[in-house]
Structure formats: structure tokens, C-alpha cells
Amino acid sequence: MQKPTISPTLLSATERCETKGWCYKNLKRDYGKSAAQQYGDDVHEAIENWIRDRVLPERADLLEALRIAMPHIDMGAQVEGWIDVEESEDPWRWTGKYDARAPRAPNTVVVIDWKNTTESKPRPDEVAFLQNPAAVLYAVDALRKQPEATHVCFKWVYLKRKDYLTVKAFVVEGTFTREQVLEAYESVRERGRRVLHVLQKPRAELARNMDACLDYGGCQFRSPCLGGSIHMSDPNDLLALMKQIQGAPAAPAPAPVAAPAPAPAPAQALPNLLSGPAPMMAPAPVAAPVAAPVAAPVAAPVAAPVAAPAFVAHSQPVVPSAGARPTRAEFVNAIATLLEYLTGRA
Ligand code: SF4
């Protein structure tokens, strides 16, 4: 019997959000990509076409990205290939597509990845290559195919855009011995074991992580995640997503950790979306209208004595206490309120 496959993308998606991993594995072909993902794919294709056939793209934004990337492109590289890494004792095999590889003397193989990022993200001066499952798996595959290689050099070429016609490029490199790569591979195998276990769970038991919903320009599986009730073409789907998740049936209330003190403006707890069972495929009930979405700032402290909630919905905008950095949930909630106001739903 053929073993199931796990790609580095599937591994990372599942570790970030179990439901997203399941959707990526089973529904990937049915759902589109975000604009950011599509742009990234187009840039990859433009660079590959240039290396392979010296063909320039027609689109101005891709031409500009290629022009900026040009000094960092290894023209002798072997472009885009599949990895196939397998252990007889593991009940899965690794698969995935690397961007490019090039030989470098002495006995070093260079694993190249072209990365697209935005101006708002900080520039990485170094990358934890050996914690990156994709990097480790590409390297293991390269080392197995080139037994004479003693070192792997990771070369990540970043194209950082302010907008689609203002792009900068920089490179982050790191070189490691064969032994270091193989040691890191053991921990990637352990992660693979855990992810395979998650993917074998019944779908209704998969957890959802709302912190992952806005990754890479927005999760493309928002609709199946919420029972097909949101359509990607809906311009307000971000707002709808938040509303529906906020309106999802509450999980059994956790026992309070401490004696509840009277709170002036108690926060309304949501089901624990990180670990609680998700109501898959059944459309979530529509959230009750928010009474005063753009009300005056709430001066009261936000924290309520709830046992480690994964996400907390507030009936009013939350203003973190002075000097405090807002949590992601507070930030997302504030954006929802703003969208509501701007789209006239307030
Ligand atoms: S929409 Fe959010 S919670 Fe749902 S699958 Fe995507 S990342 Fe996970």
C-alpha cells in the first residue's frame, strides 16, 4: 500500500491550524490562492523561466521583480525539482518542490529558495534554517542525491515589496555540515509523526486557530472552515468570518480559575477555537447584531477570569491599558469593528 505523503507546506499548515492542514490536504485544488500567494507563484515562475529559457515576463510587476532579483540569481542552477524522502519505518513519505539547487566547491550543495515578503515585515538578518522543515527536507534530499557533498548552503533570496513596483532584494545564507542537517532531520520526522496523527483525526475533532486566519494574505479555506457559509468573492468576508466565529455556539463554560471578582465591563468568552471541537460543515449561527460597535472607549480592564481563552470576543471595542501592547485577538476585534463602521454595518 502506498504511504500517504506530507509536504513541508502541509506540515507547517497543520502545525499552525489543524483545520487548515486538513483542508490543505483534502481541498487544496478546490480553493483559490490569496492575491499574495498568487503573486509569489508568478514571481517564482518568472525567475524560473529566465534561468531555463532566458524568457522575460510581460507583466510590468514581474519584470521589475526579476530585474531586482537578477544579481542574486544563479544562472547555472537546476530549477524546480521534487524531493522524495522516505524512511522504511515511517508510515508516510515526504514530498515537496524546491526552487533551485546549484553546486558550489568544495563539496557543497546550495539549496535556493526565492521568498516574497512585504515592506512591513522586519528584514531577517539570519534564518533558523535547521528549524525550517522545508529547508531541512530539501537539504536531506540533496545530500542523498549527492553523496559526495559534505555541506549544505541555504540561500534564501528575499524580494521585499513596498508595492508591486517597488521591490528590494537581499540574501540570507547559512552553511551547515551533513551531520547537522541529518540531526535536524530527526526532529522534522518527529513533527511529521505528530502531523500525521492530527490528519488522521475525525474532521469534527480538528481544532481551529484564529490567529492563523490572516497568514499569507488570508486563509483560503475560510469557507469550508465555517461550513461553506462564506464565499471568497464576498468583499466583506473578513468581517463575516469574524462575525460567524464570534457567533459560533459556545463550548461548555470552563470552571473559573479564581473566585470571580465583579468586573465593570466583563468580556464575553468565545469557544476555545484552538483546542475545542469545531462545528464543521454545519453553518454557524449568525451573530447577534452588536449594539454599539463604535462606542466610546472602554476604560475598564479587559481581562476576565476565564481559563486561558484562545480568542475573546468583546461586545465593545477594546482599548488596551496605557503602555500595554494589544493582543492579536484585541487587534483583530478592533479591525472587525472598524470594518463594520466603514461598511455601514454599524
Ligand atoms: S479560516 Fe482560520 S481557523 Fe479556519 S482553517 Fe483557516 S486558519 Fe484555520
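A nonpolar core is a set of buried Ala, Val, Leu, Ile, Met, Phe, Trp, Tyr and Cys residues joined through C-beta atoms within 7 Å. The structure shown in the following views is a predicted model.

**Figure 1. The largest nonpolar core of the predicted model, which comprises 54 residues.** Val-111, Val-136, Leu-137, Ala-139 and Val-181 touch the most other members of this core. Helix α5 (residues 133–145) provides the largest share, eight residues. Because domain 1 (5–201) and domain 2 (207–346) both give residues to the core, it lies between them. In soluble globular proteins, nonpolar side chains tend to be buried together.

**Figure 2. Contacts of Leu-137.** Leu-137 is among the core members that touch the most others. When residues up to four places away in sequence are left out, Leu-137 touches Pro-8, Ile-83, Val-85, Trp-94, Gly-96 and Val-188.

**Figure 3. The shell of 13 residues around the ligand.** Cys-17, Arg-208, Cys-213, Cys-219 and Cys-225 come nearest to the ligand. By class, the shell consists of eight nonpolar, two polar and three charged residues. Helices α2 (18–27) and α7 (222–225) each supply at least two residues, and α2 gives the most, with three. Domain 1 (5–201) and domain 2 (207–346) each contribute at least three residues to the shell.

**Figure 4. The loop between β3 (93–104) and β4 (108–118), with Pro-106.** The peptide bond from Ala-105 to Pro-106 is cis, and its omega is near -10°. Asn-107 is found in this loop as well. Although Asn-107 is not a glycine, its phi is positive, at about 55°. With 12 other C-beta atoms within 10 Å, Asn-107 is exposed, because a residue counts as exposed at 12 or fewer. Most residues other than glycine have a negative phi, and most peptide bonds are trans.

**Figure 5. Glu-80 in strand β2 (residues 78–86).** Glu-80, a residue other than glycine, has a positive phi near 45°. Around Glu-80 there are 16 other C-beta atoms within 10 Å, and the residue is therefore partly exposed, as this count falls between the limit of 12 or fewer for exposed residues and that of 20 or more for buried ones.

Key
Residues numbered from 1 in each chain as written. Predicted model: local features only at pLDDT ≥ 70, side-chain atom pairs only at ≥ 80, totals over all residues. Helix = DSSP H or I, 4+ residues; strand = E, 2+ residues; numbered from the N terminus. Near = placed C-beta within 6 Å. Nonpolar A, V, L, I, M, F, W, Y, C, P; charged D, E, K, R; others polar. Domains from an automatic or database assignment. Contact = placed C-beta atoms within 7 Å.
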